[in-house]
Amino acid sequence: MNRRPERLLRWYPSAWRARYGEEFLALLEDQLDGEGLGWWPRARIAAAGLRERFHESGIVGEAASSDARRRGGSLLVLAAWAGMVVGGVGLAKSAEHFSGAMAFSTRADAQVAYDVAVGAGLVGSLLVVVAALTCLPAFVRFIASGGWTHVRGAVTRALAASALLGVATLGLVWWAHHLSASQRNGGDAAYGVAFLLVAALGVVALSLWTAAAMNTVTTMEIDSLVWRVEGLLAVGVAGAAACLTASALAWWLDVGRHAPWFFQGTAPKTSHFPWSTPMTLNVAIMLVSLVVAGWGVSRIASARLALASHP
Amino acid sequence: MVTNATRGLRRPNDPSLLLLTSLASGPKHGYALLKDVEGFAGVTLGPGTLYGALTRLEEQGLIEPVGSDERRQPYRLTASGAVALREVTSEMRRLARVGATRLRLAQVGP
């Protein structure tokens, strides 16, 4: 590990480093007096740097302006939606062929819950696309004024991960064509591991694109009216996230009540226990994302209060 | 009275309040602030916490840097900072008085 204190400044936003960086390093020199900095003080400085980044993007802080609060809240909802996409894809995978495991007379409620989850997923994704298009004119101005240099690193990393994901997915599809249905669904351990690795790569690529979008939006100049629209769209996305989570839970409960064996992958009426590790993981991801989205909505709602104190 | 300036300065161990109190005796740079706060409050602030609080106080206009070419940048209270510190300390004094009075009443009560 590189123990030079200057490296710690990387945790802070660039504007903060430009304003306080030198004096902060001078303070560390005074404090350390030639000694090394332990891992705990380093971790606390890193946490303070991240807190400063949150302040800068309007995610926390009472002093933030109404636009900064809308921006911070919208970015939180965007990050939450990335989590919802991961949970939603997990739900789709867990629910594959569920109707075949249920008697015709009992599958209606589960089907409605699943269809509502899919609908909420589509509506939320559509709203994210509309939000991105709303920012497009500002993005074009940003790139035209030399903004590419600020976001090149983040976008390049996301592109590289996506390219790797594309190649890995093609390889996995080619492999799957040479396997039977039972081998693809848990019968072949090596394929199972490869599937999980590709899924993890998908999560990494999605996270990098989300981080690139957040980095770009934080750097761009966007006017107040656009932030109002983005705030409204973000509230809509958070609503879709709540709907998706509720319908995923309803689907799990209903399938668990009428066909618990579906989650064990065993023959009908051979199991009465609806536990499912993948579904637990999917719902946990959705619930955490929902909490983040709720925080984002509260920041957007607090923009009205900020308007009163920062006219 | 809680105003925008004094919001968040209500806990006696709040880093921002400790820094305002320290700067009330004159301008100081980061390391001098840490040592002073440690001396009068027994609180050891980390560098991240110190600069987080300095950043917020400067944003709110409660402190300002004193012109200096040194790397060790001193800060001083602004007029608003002095008003905010006066408001908070008088509120704390009032609470302390109420607490002490009630304790005395409880001691002589039934």
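Buried area here is the accessible area (1.4 Å probe) that two parts lose on being put together, summed over both. I looked up chain B against chain A: about 1800 Å² is buried between them, and carbon and sulfur atoms give 51% of that. Pro47(B), Tyr51(B) and Arg71(B) supply 34% of the area that chain B buries against chain A, more than any other three residues.

The model is predicted: local features need pLDDT of at least 70, side-chain atom pairs count only at pLDDT 80 or more, and totals for chains, interfaces and linings use all residues. Residues are numbered from 1 along each chain as its sequence is written, chains are lettered from A and ligands numbered from 1 in the order written, and side-chain values use heavy atoms, without hydrogens and water.

Next, I took contacts (heavy atoms within 4.5 Å). Chain B puts in 23 residues and chain A 21 residues.

Then I checked salt bridges (a side-chain nitrogen of Lys or Arg within 4 Å of a carboxyl oxygen of Asp or Glu). The interface of chain B and chain A has 5. Arg19(A) and Glu58(B) form a salt bridge through their side chains, at 2.8 Å from N to O.

I moved on to helices, which are DSSP runs of H or I, at least four residues, numbered from the N terminus. α3(B) gives the most to the side of chain B that touches chain A: 11 residues.

Last, I looked inside chain A. Helices α3 (residues 66-94) and α4 (residues 108-134) of chain A pack at about 145°, axes 11 Å apart. Axes are lines fitted to C-alpha atoms over the stretch in contact, and angles run from 0 to 180 degrees between N-to-C directions.

Technical notes. Helix = DSSP H or I, 4+ residues; strand = E, 2+ residues; numbered from the N terminus.
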